[in-house]
Amino acid sequence: GGFSFNHIGNSLASNIEKRFDIKIVSSKNELEKSRLINIAEFPENSPASSRKTNHHHDEDEQQQEQQQQASILPLSGEIKPGSIGGDRAVYNLFNKPHTITAMLLGGALVVYFAFTRDDHQPMPSNVKSGLLGALGVFLLFSMLQMRDGLFKRPHPAVWRLVMGAGVAYLLGLVFLLFQSAADARKIMAYIDPQLGVPLPERNYAEHCELYTPNDPTSNFRNLWDTINDEFIWAHFIGWWGKTLLLRDVYLCWTLSILFEIWELSFEYLLPNFKECWWDHIILDVIVCNGLGIYLGLLTCRALRMQEYDWTGLVGSPHPSRKGVSSSSETKKKEQPPIWKEALQQFVPSTYEVYNWQILKDWKRFCAVIIIILIFSVVELNAFFLKYLLWIPPPHAINIWRLLIWTGIALPGLREYYQFIIDPNNKRFGTMAWLCCAVVGVELLVEIKFSKGEFPQPMPNSVLYPWIAFIIIFVTSATIFFTTRKSPNSSSSSSSSSSS
């Protein structure tokens, strides 16, 4: 600011505020002003004289501040200069937006493909090319101009692109919502000529014998046929990813067992939900889901153990395991190779373990129940959508849907967790809102297209147990939260008795 405080005396303290308004223009205006007045009036409180006495106190405050920042992450932000790779030019290149350059390159690609492709083709081919071009322009706009989320690695532009893909998928679902089921299947055939054909019914409960000695191929033919099915790997990989999302072993096992109950409940609607008992219990729950959850927990544990060591970047603001490292200590560290810094951008800088505390109060209880229901509906939507739109399980559309859901669910679930645990956060996150909108429109599409597809009513063997379970569940939860003393009331009563 232009000041020299070596000869400031007590007579100058009254003029600091006026001179401060003239000289200082900073986001920390008031804090700097109070510090300068304090130094002017009491020279013994200068940083040089008080550094030794307040050194340990400052370290404690810094550690508490870093812990609070690690437990509650901001919902928006941007990459600060030098936050990726310090002052290296190759990384600073990616810190700049380059919106004009990207606009020119994107426009050049649009002009090239629009004027060089052969337009004398059938209308469906031209419409498909036009829709792909419009989707590409929208994704480019999303990557450059959409709001930053709380995820910053490998780059905020990647998560803006994911948000754009989620919005495009939501728009596509809304478009299908205004079509009939027959027209929607024709649209699927326009996208891929192999679609638009009714799916063959596949029942996994026709041959449930584990031991088949008379089979010429194998003595365990039915078991091997089930293991070689694509859904086995989908169960394993899916539950590994869901564990990374939920980060809670009890919640994961609840959803794993609950989905098998959903399959038993809806097997009268979808034939491929019918499975043998050993397929439900052994292969799905214990083997595939159990191994996926276990691998996910190991991944969570590894990420949590290396939370403070992952960054390794020059000038990184994150703390180390022993506390907050100063800038002088950071400068002394050897600069890692550029390839190592590049790879570190694909792992999170911090990894927080979720503590859902479902029994803390009735609001937290309802919030976790909503998460369980949303996860269940998303999984069931995959089966009902492919059945109603005649999309085979290994088709690329199912894979793209899974990738989009994975991309938007990662920050969406973090924003939802932030929303329910932080009482000061009154804003529902963008990705969390997008997830709720997508699952809602998917459900609406299924309800509309299912007219006339499932004429058989729900069997009494399924309906009555669900009614009984809902009544018992709601009654038990109501009794528990109405009779349970809150921690605040118990702590206040104990403090009053002690006083």
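This is a predicted model: local features need pLDDT of at least 70, side-chain atom pairs count only at pLDDT 80 or more; totals for chains, interfaces and linings use all residues.

Colleague: Within what distance do the axes of α16 and α18 come, and at what angle do they cross?

Modeller: The axes of α16 and α18 come within 10 Å and cross at roughly 40°. Axes here are lines fitted to C-alpha atoms, for helices over the stretch in contact, and angles run from 0 to 180 degrees between N-to-C directions. The two helices, α16 and α18, are therefore oblique to each other; angles under 35 degrees count as roughly parallel, over 145 as roughly antiparallel, 65 to 115 as roughly perpendicular and the rest as oblique. The crossing of α16 and α18 is left-handed, a term used if the near helix is turned anticlockwise from the far one by less than a right angle, whereas clockwise gives right-handed.

Residues are numbered from 1 along each chain as its sequence is written, and side-chain values use heavy atoms, with hydrogens and water left out.

On the α16 side, the contact with α18 is made by Ile374, Val377, Val378, Asn381, Phe384, Leu385 and Leu388. From α18 come Cys436, Val439, Glu442, Leu443, Val445, Glu446 and Phe449. Contact means heavy atoms within 4.5 Å. By class, these residues divide into 11 nonpolar, 1 polar and 2 charged, where Ala, Val, Leu, Ile, Met, Phe, Trp, Tyr, Cys and Pro count as nonpolar, Asp, Glu, Lys and Arg as charged, and the others, Gly among them, as polar.

Helix α16 also packs against α19, at an angle of about 155° with the axes 11 Å apart. The helices α16 and α19 are therefore roughly antiparallel to each other. Trp362, Phe365 and Ile369 of α16 meet Phe473, Ala477 and Phe481 of α19. By class, the contact of α16 with α19 has 6 nonpolar, no polar and no charged residues.

A further partner is α11, which packs with α16 at an angle of about 150°, their axes 14 Å apart. That makes α11 roughly antiparallel to α16, and the crossing is right-handed. The contact joins Phe231, Trp239, Lys242, Leu245 and Leu246 of α11 to Ile371, Phe375, Glu379, Phe383 and Lys386 of α16. Its residues comprise 7 nonpolar, no polar and 3 charged.

Two loop residues deserve mention. Tryptophan 390, in the loop between α16 and α17, has a positive phi of about 60° although it is not a glycine. Tryptophan 390 is partly exposed, with a relative accessible area of 22%. Arginine 247 lies in the loop between α11 and α12, and its phi is likewise positive, near 60°. Arginine 247 is buried, at 13% relative accessible area. Most residues other than glycine have a negative phi.

Beyond α19, lysine 485 is found in the loop between α19 and α20 (487-498). Lysine 485 is exposed, with a relative accessible area of 69%. The C-alpha atoms of lysine 485 and aspartate 361 are 124 residues apart along the chain and separated by 9.9 Å.

As for the whole, the chain has 20 helices and 0 strands; helices (H or I, at least four residues) and strands (E, at least two) are DSSP runs, numbered from the N terminus. Of its 499 residues, 35% count as buried. Residues 24 or more positions apart account for 72% of the contacts in the chain with a separation of 6 or more.

Conventions. Buried means under 20% relative accessible area, exposed over 50%, partly exposed in between (1.4 Å probe, protein chains only).
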